[in-house]
Amino acid sequence: MSRLACLGTIGLHFIDCLIPMTTPHAPTTQDLAHFAFCALVALRTAMQDGIVTSPLTEHLFLIRWLATAQKQKRFTRRLAVDIQLLLDKGRQQGEKARLKKDLIFLWSSFTGDKTTHSDLYRLAEAIRQLNTQGWENILLDPSNSEPEQQADSVTGPVFYVAKQALTDAFTELGVLIAPISFQIVGDAQAFVASLAEWHFNTQVTTISLNKARVTLVR
């Protein structure tokens, strides 16, 4: 599932969406920021030209713009799911979809000060960054709680985290209130460096040559 579907929502029932299983064609932050920028510039131009004069015409313009972008394949195919999600939302909810608000949030989220976002949101973006660097991530549920059970199904650097641990570690507002442990197979220093870029403190326990436990702490 695309993270775009979770914009503006921090509730813990969105853990699966914010921190999903790795997908090979997930959009990068640059993809999403560029897409949002283009949409907002097009909307602003339409307003200056008198094409958009009300909330209804704004909504209709954005629906047409998204549909045209989809049909003409103006953006990388990594954004196909995100564009479809916005179109579906706009068509189902009408003006109440507030697509412009989603686009503004998307643009500011990827271009603003990282420290202004919630802990949960920053963790989701750190994981997105790790994905673009080749890391795979796996959420473990109670029925599949041991990383070793999936060891044979992955290649390259990978990290595991228990879904329940994520749920317990954050408030409904996305504030980190308890440590979270990740079990990783790969370069622990590279993993920690990506978390540090998003202003997280960590503790590292080496398990073996290429295995470690990295704990996120307050």
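## Strand pairing

Leu140 stands opposite Ala162 in E2, and this pair belongs to strands E1 (residues 136–140) and E2, which run parallel and are joined by 5 bridges. On the E3 side, Val158 stands opposite Val185, where E2 and strand E3 (residues 180–185) pair in the antiparallel sense over 3 bridges. Strands (E, at least two residues) and helices (H or I, at least four) are DSSP runs numbered from the N terminus, and two strands pair if DSSP finds at least two bridges between them.

Strand E2 (residues 158–162) is largely enclosed by the rest of the structure, because 4 of its 5 residues are buried (under 20% relative accessible area, with exposed over 50% and partly exposed in between; 1.4 Å probe, protein chains only).

## Basis of the model

The model is predicted, so local features need pLDDT of at least 70 and side-chain atom pairs count only at pLDDT 80 or more, while totals for chains, interfaces and linings use all residues. Residues are numbered from 1 along each chain as its sequence is written, and side-chain values use heavy atoms, with hydrogens and water left out.

## A buried glutamine

Gln129, in helix H6 (residues 119–132), counts as buried because its relative accessibility is 17%. Leaving aside neighbours within four places in sequence, Gln129 is in contact (heavy atoms within 4.5 Å) with Ser194, Glu197 and Trp198.

## A residue of helix H2

Phe37 lies in helix H2 (residues 29–48) and is partly exposed, with a relative accessible area of 42%.
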